[in-house]
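User: I would like to learn how to read aromatic contacts and a sheet in a model. Could we begin with charges placed over rings?

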Amino acid sequence: MISGQEILNASILIVDDQQPNVTLLEEVLRAAGYQSIDTTNNPFEVCALYQKNHYDLILLDLQMPGMDGFQVMEGLKKIETDGYLPVLVITAQPGHKLRALAAGAKDFVAKPFNLVEVQTRIHNMLEVRLLYKELENYNMVLEQTVQERTAELHLSEARYRRLTELSSDWYWEQDENGHFTKIFGPVFEMLGIQIDDALGKTRNDHGAGWDQPARAALESNLTARRPFLDFVYSRNNADGTRQYLMVSGEPIFDPSGRYTGYRGIGKDVTETMHNSPT
């Protein structure tokens, strides 16, 4: 909510070519407690003044020589590109009221002035204007917060990927249908998976080189959607050497508990296994 003091501190510009009207309005506003009031009798100055001060309210006379209030509003629209003109028009012509509202004014007061009406309309319009500005500021802060959180998330993801790369030789993710959605490193080779390009499918390579009991246990974990940590299995390579691989994986579930896939990391631990005490 906007406080009464915030309204009284709002910046106001009075524009009228008749100095007695300017003096009367300024005296009324200062008597009501408004503190930041500028005035001008020259409509050609309005846009420059608004560009510099961005007033919360412009009390604008419509009938002025050389440049009327409608032309002033057209100039203000080029500055206030979001389309909100904080203009309260002053007119003695009833037919100008609807035209002024269509031109972008937010309200009007009639000449000769009813001072109670003038004060009420100014107060109400300033309250709306300040609420509008408060909403704009909130949206800007919210947008900035979203950008900062997004940047933090991207940084966190980058760190996670880097840590994954440093701590493992490969990383993979699968969807709920077993299709690979992300891979880093020789995933297919190390997991013993071959790609059938013709059919666009993957199939497991259960060749004779694998340690079949360990491989079966790994398949069991994957099929049952169980997490596993530092699971070691091995295979015999074509050159007669034995290769040891260690993998860790976990199923992925969405907030509702629905299974959405698998992810895991792995690395070659052959050297570690050969150097471990028997």
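Analyst: A charge sits over a ring if NZ of Lys or CZ of Arg is within 6 Å of the ring centre and within 35 degrees of the ring normal. Here Arg225 lies over the face of Tyr259, at 3.8 Å from the ring centre, and Arg99 is placed over the face of Phe70, at 3.7 Å from the ring centre. This is a predicted model, in which local features need pLDDT of at least 70 and side-chain atom pairs count only at pLDDT 80 or more, while totals for chains, interfaces and linings use all residues. Residues are numbered from 1 along each chain as its sequence is written, and side-chain values use heavy atoms, with hydrogens and water left out.

User: How many aromatic pairs are there, and why is the pair of Phe231 and Tyr233 called tilted?

Analyst: A pair of aromatic rings is described by the distance of the centres and the angle of the planes. Rings of Phe, Tyr and Trp (its six-membered ring) pair if their centres lie within 6.5 Å, with planes under 30 degrees apart counted as stacked, over 60 as edge-to-face and the rest as tilted. The count by this rule is three aromatic pairs. For Phe231 and Tyr233 the centres are 6.4 Å apart and the planes stand at 40°, so this pair is tilted.

User: In which strand does Phe231 have its bridge partner?

Analyst: Strands of a sheet pair through backbone hydrogen bonds, either parallel or antiparallel. The bridge partner of Phe231 is Val247, in E11, where strands (E, at least two residues) are DSSP runs, numbered from the N terminus. Seven bridges join E10 to E11 (residues 242-253), and these strands run antiparallel.

Notes. Pairing = 2+ DSSP bridges. Helix = DSSP H or I, 4+ residues; strand = E, 2+ residues; numbered from the N terminus.
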